[in-house]
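Colleague: I would like a close look at one part of this model. Please keep it brisk and connected.

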Amino acid sequence: MKNDYEIEKYFNEIKKIAADISREDIDAAIEILFDAWKNNNQVFFCGNGGSASTATHFMCDLFKVTIVEGKKRFKAHCLNDNIPLMTALINDDGWDNLFIEQLKNLYNKGDVLVCFSVHGGSGKDKAGAWSQNLLKAMDYINKNGGKTIGFAGFDGGAMKEIADVCIVVPFNATPHVEAFHVVLQHLIAFRLKEKIMES
């Protein structure tokens with residue numbers, strides 16, 4: 001049956017992603033976040049579309065999953081969760097400045113920004129180039145003494161060149177990239193909890 005073939009094909013593609021993804025980049029992202037925890041730095045998250053929900057999910061897990069009794073906690077914030085603030089900023093300052101304008105209020109030197117983008121800020125559609133708000137925010141953090149982590153797909157796009165670490169899901173399909181970003185954020189959050197317990 002065609003359905004059986006398509007289901008098996010999808011799972012085989014997920015297996016290939018799991019085999020091919022860079023372990024070194026995952027480990028580097030974990031170390032940046034662990035350093036943020038050790039140094040009491042804040043961690044900010046953002047994304048657009050489906051990636052916005054992954055950013056919120058990762059913020060939630062970093063905030064709660066990593067709690068260890070008797071240990072300090074992560075300071076985590078998601079920049080795409082306050083709808084009134086977002087619409088006010090977009091209305092006055094434009095889509096490209098949505099995240100950078102929030103960071104100008106909240107960012108302290110040494111903080112970390114985590115961005116999710118399927119295409120890594122490359123490509124364009126009816127509204128123009130994709131995810132320029134993410135790239136602009138990353139550039140701001142890089143120029144002001146912070147660290148940036150990107151989660152991308154396809155070839156990593158512009159984000160791969162801008163971020164201190166960019167974990168690229170090496171596959172050219174949005175459903176696979178978005179699904180695997182959730183797998184990665186769970187892996188990282190639970191590994192961070194282990195490291196906090198061991199510290």
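Which residues does Asn80 touch, not counting residues up to four places away in sequence?

Modeller: This is a predicted model. Asn80 touches Phe45, Cys46, Gly47, Ala52, Ala55, Thr56, Met86 and Phe99, with residues up to four places away in sequence left out. Asn80 sits in the loop between β2 (75-78) and α4 (83-93). Its relative accessibility is 8%, so Asn80 counts as buried. A polar atom of the Asn80 side chain lies 2.9 Å from the backbone nitrogen of Gly47.

Now the cores around it. Phe45, a contact of Asn80, belongs to the largest nonpolar core, which has 39 residues. Phe45 is among the members that touch the most others, along with Leu33, Val43, Phe58, Val114, Phe151 and Ile188. Elements that each supply at least two residues of this core include β1 (42-47), α3 (50-64) and β2. The largest share, eight residues, comes from α2. Ile188 touches Ile26, Ile30, Leu33, Phe58, Phe151 and Ile167, not counting residues up to four places away in sequence. A second, separate core has 23 residues, including Cys46, Met86 and Phe99. Asn80 touches these three as well.

α4 packs against α5 (residues 98-106) at an angle of about 110°, and their axes are 9 Å apart. That angle makes the two helices, α4 and α5, roughly perpendicular. The crossing is right-handed. On the α4 side, Leu85, Met86, Leu89, Ile90 and Asp93 make the contact. On the α5 side, Leu98, Glu101 and Gln102 do.

Conventions. Residues numbered from 1 in each chain as written. Predicted model: local features only at pLDDT ≥ 70, side-chain atom pairs only at ≥ 80, totals over all residues. Heavy atoms only, no water. Helix = DSSP H or I, 4+ residues; strand = E, 2+ residues; numbered from the N terminus. Buried < 20%, exposed > 50% of the residue type's maximum accessible area, 1.4 Å probe, protein only. Polar contact = N/O pair within 3.5 Å; in protein donor to acceptor, adjacent residues only side chain to side chain. Contact = heavy atoms within 4.5 Å. Core = buried A, V, L, I, M, F, W, Y, C linked by side-chain atoms within 4.5 Å. Axes fitted to C-alpha atoms, helices over the stretch in contact; angles between N-to-C directions. Parallel < 35°, antiparallel > 145°, perpendicular 65-115°, else oblique. Left-handed = near helix turned anticlockwise from the far one by under 90°.
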